[in-house]
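Biologist: Please put the structure up, and then we can go through it by question and answer.

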Amino acid sequence: MKKNVKSTVSFFRLLIEHSQRPYEPSPEHILKRMLLALCHGLSEIVESGTKNDAWEVVEGFAKECRKLEAE
Amino acid sequence: MWNGTKSTIALGLAEIVERLTVEEKREFTQLVNWEELQRLRVEARRTPAVRPVGDPRLYVATTENGLSLDLPPEHTSAFIAMLPGKLASEAIDIFVQNGEGSQETSCPAVDLAVWLERHGDVLSEGAIMMEFGPYTVISAGGGCLSLSLEDAPPALRREIAQQALALSGFDHEFQADHFSAIVWEDQLEVTE
């Protein structure tokens, strides 16, 4: 798996991790620490990645979603 | 969930106990399951009805396959620098990403502290992924980290979490495989 794909999926997982914490992180924390990193990763894949990279990101997201639903 | 009747009973009992003499209270403690009451009291404290909002000073917790951390930003570099030793990694693959693009590099474990010192700006505000062999850490800036420790023994997670606390000035030895530790102001609250 390419680094940019792995990194993008990892930041999606970080977002899920924060939703499971015993407190609610501030909107600023969610934006600065997770959403912006996700946006950068997704933008780079759209601009310079391959269709396979994009598919692997979607698959990575779906894998995390399945784990979440199974909990 | 308490209903009205139960609340009334609980309140009535509490009032009666309050009116007992010391000797009667002593006898009462022999009659009730004191350990259960204590456990319920701790549980109630740990699971508030409404989750607090905001960003704690420190948070360390186990996840499905690793650790999720929010460390004081000034200790992030030291925390990452100690990981190669704990994870027995000799080289680190680094992927840095920001709004202007991304960069890939690698560095020997012995040079990681120097790399972190030179790239303090990225560590404080950028997005970084570091691969320590099979293990991965991502830093979202500001001390926000996620460590993926797939197939690592629980003892290793405990050890790394304890080190994170120690670097931040707190001392606790985790016993369980799943735990969390949080500091809002200066008090360490641990759940195992």
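**Cavity and interface**

Modeller: This is a predicted model. Searching the whole structure turns up 1 cavity of 30 Å³ or more.

Biologist: How much space lies in the largest cavity?

Modeller: The search kept cavities of 30 Å³ or more, and it found 1. The space in the largest cavity comes to about 50 Å³.

Biologist: Which elements give two or more residues to the lining of the largest cavity?

Modeller: The lining draws on both chains: A:Ser10, A:Arg13 and A:Glu17 are among the residues, and so are B:Thr136, B:Val137, B:Ile138, B:Ser146, B:Leu147 and B:Ser148. The elements with two or more lining residues are, in chain A, α1 (3–19) and, in chain B, β6 and β7.

Biologist: How does the lining of the largest cavity divide by class?

Modeller: Among the lining residues are A:Arg13, A:Glu17 and B:Asn65. Sorted by class, the lining has 3 nonpolar, 5 polar and 2 charged residues.

Biologist: What pattern does chain A follow along the sequence?

Modeller: Chain A has 3 helices and 0 strands. Its C-alpha atoms fill a box of roughly 40 × 30 × 15 Å along the principal axes. Read along the sequence, the pattern of chain A is α-α-α.

Biologist: What area is buried between chain B and chain A?

Modeller: Contact involves 37 residues of chain B and 25 residues of chain A. Carbon and sulfur atoms give 51% of the buried area, which is about 2,700 Å².

Biologist: Which residues of chain B lose the most area to chain A?

Modeller: Three residues together account for 21% of what the chain B side buries. They are B:Arg51, B:Gln97 and B:Ile138.

Biologist: How many salt bridges does the rule find across the interface of chain B and chain A?

Modeller: A salt bridge joins the side chains of B:Asp70 and A:Arg21, at 2.5 Å from N to O. Across the interface of chain B and chain A, the rule finds a count of 8.

Biologist: How many residue pairs are in polar contact between chain B and chain A, and how do the residues on the chain B side divide by class?

Modeller: The polar contact count is 18 residue pairs, both residues at pLDDT 80 or more. On the side of chain B that touches chain A, at least two residues each come from elements including β2 (66–70), β3 (91–98), β4 (101–108) and α6 (120–125). By class, the residues on that side are 15 nonpolar, 14 polar and 8 charged.

Conventions:
Residues numbered from 1 in each chain as written. Chains lettered and ligands numbered in written order. Predicted model: local features only at pLDDT ≥ 70, side-chain atom pairs only at ≥ 80, totals over all residues. Heavy atoms only, no water. Contact = heavy atoms within 4.5 Å. Buried area = accessible area lost by both parts, 1.4 Å probe. Salt bridge = Lys/Arg side-chain N within 4 Å of Asp/Glu carboxyl O. Polar contact = N/O pair within 3.5 Å; in protein donor to acceptor, adjacent residues only side chain to side chain. Helix = DSSP H or I, 4+ residues; strand = E, 2+ residues; numbered from the N terminus. Nonpolar A, V, L, I, M, F, W, Y, C, P; charged D, E, K, R; others polar. 1 Å grid on protein atoms, 1.4 Å probe; cavity = no way out; pocket = protein on both sides within 12 Å on 5 of 7 lines; lining within 4 Å. Points joined across faces, edges and corners; volume = space filled by probe spheres on them.
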